[in-house]
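Colleague: I am new to reading protein models. Could you walk me through a few features?

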Amino acid sequence: MSGNAEGLRVQCYTCGNWYDAEDVTIPLDGYIPFMTNYEYCCGSCGTETIVKKPASFIQVIITTLANLQASHIYHDPPETCFSLQDDIIPFVWDHWDMICTKRSKTGSWKNNLATKLATETRLFREEETGSQRFGLVDQDLSTIGPRRYESKAVPTRSVGRMKRRLDNSQVNSSATKRNKSDAPTSKGLSHGYPLEHPSNKVCTHTHHSHPPIYTHLHLYR
Ligand SMILES: [Zn+2]
């Protein structure tokens with residue numbers, strides 16, 4: 001089992017293994033499931049440590065949507081898209097100090113969230129155009145962790161880290177070869193995928209029909 005589907009677990013940045021909160025000797029106060037803005041080193045890989053990183057808005061949204069999805073999984077049918085005003089913004093507000101580490105609440109944070117939700121169409125999709133209800137494109141919660149959604153404050157790139165990233169099955173080779181100019185801008189128009197693609201617009205249960213590319217997250221430094 002991996003991920004946070006059964007409660008809080010943390011992923012070792014080095015080996016990629018997942019550990020139950022109760023098996024971690026460090027207190028995990030201030031952590032909630034599906035956070036990606038931390039770097040944990042397990043006892044097998046070295047001295048057990050965990051460090052929180054400042055989170056990008058994309059990381060904040062991923063954590064929020066994953067928790068909302070997990071808490072609605074037993075609804076019939078399970079809900080996968082959530083209201084910006086009634087679900088997403090209140091969740092971020094309630095968990096700000098945990099999931100927005102070191103980020104101060106500026107007056108524009110709600111607009112920033114809304115912009116990312118609308119423009120990062122490889123990661124997020126709107127249930128219906130104009131519905132202001134958003135969900136994750138890839139609804140597989142088991143892979144949401146710090147190795148997939150790397151924090152912007154991770155130390156300088158190294159060959160070792162590139163290798164680890166290449167080992168990650170979630171990242172395909174074409175993704176890793178993408179350069180900065182291919183990555184989405186804040187306007188979200190240069191990613192090369194048609195905005196009108198159905199999987200970008202409609203919340204379906206189809207998985208991986210449109211493999212998302214995550215390497216652009218590295219650009220939010
Ligand atoms: Zn490890």
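The dialogue below takes up the backbone, a sheet and a pair of helices.

Modeller: Gladly! This is a predicted model, where local features need pLDDT of at least 70, side-chain atom pairs count only at pLDDT 80 or more, and totals for chains, interfaces and linings use all residues. Residues are numbered from 1 along each chain as its sequence is written.

Colleague: Which peptide bond is cis?

Modeller: In general, most residues other than glycine have a negative phi, and most peptide bonds are trans. Here the bond from Asp-76 to Pro-77 is cis, with omega near -5°. Pro-77 sits in the loop between α1 (57-71) and β5 (82-83). Those labels come from DSSP runs numbered from the N terminus: helices are H or I with at least four residues, strands are E with at least two.

Colleague: Which residues other than glycine have a positive phi?

Modeller: Phe-34 has a phi near 70°, and Gln-132 has a phi near 60°. Phe-34 is in the loop between β2 (18-20) and β3 (38-41), while Gln-132 is in the loop between β6 (124-126) and β7 (133-136).

Colleague: Is Phe-34 buried or exposed?

Modeller: We count other C-beta atoms, placed from the backbone, within 10 Å of the residue's own: 20 or more is buried, 12 or fewer is exposed, and in between is partly exposed. Phe-34 counts as buried because it has 24 C-beta neighbours inside 10 Å. Gln-132 has 18 other C-beta atoms within 10 Å, so it is partly exposed.

Colleague: What is the strand order in the sheet of three strands?

Modeller: Strands of a sheet pair through backbone hydrogen bonds, either parallel or antiparallel. This open sheet runs β5-β7-β6, with antiparallel pairing. The edge strands, β5 and β6, each pair on one side only. Two strands pair if DSSP finds at least two bridges between them, and β5 and β7 have two. Ser-83 stands opposite Arg-133 in β7.

Colleague: At what angle do α1 and α4 cross?

Modeller: Two packed helices are described by the angle between their axes and the distance between the axes. The axes are lines fitted to C-alpha atoms over the stretch in contact, with angles from 0 to 180 degrees between N-to-C directions. The axes of α1 and α4 (residues 109-119) come within 10 Å and cross at roughly 80°. That makes α1 roughly perpendicular to α4, because angles of 65 to 115 degrees count as such.

Note on methods. Parallel < 35°, antiparallel > 145°, perpendicular 65-115°, else oblique.
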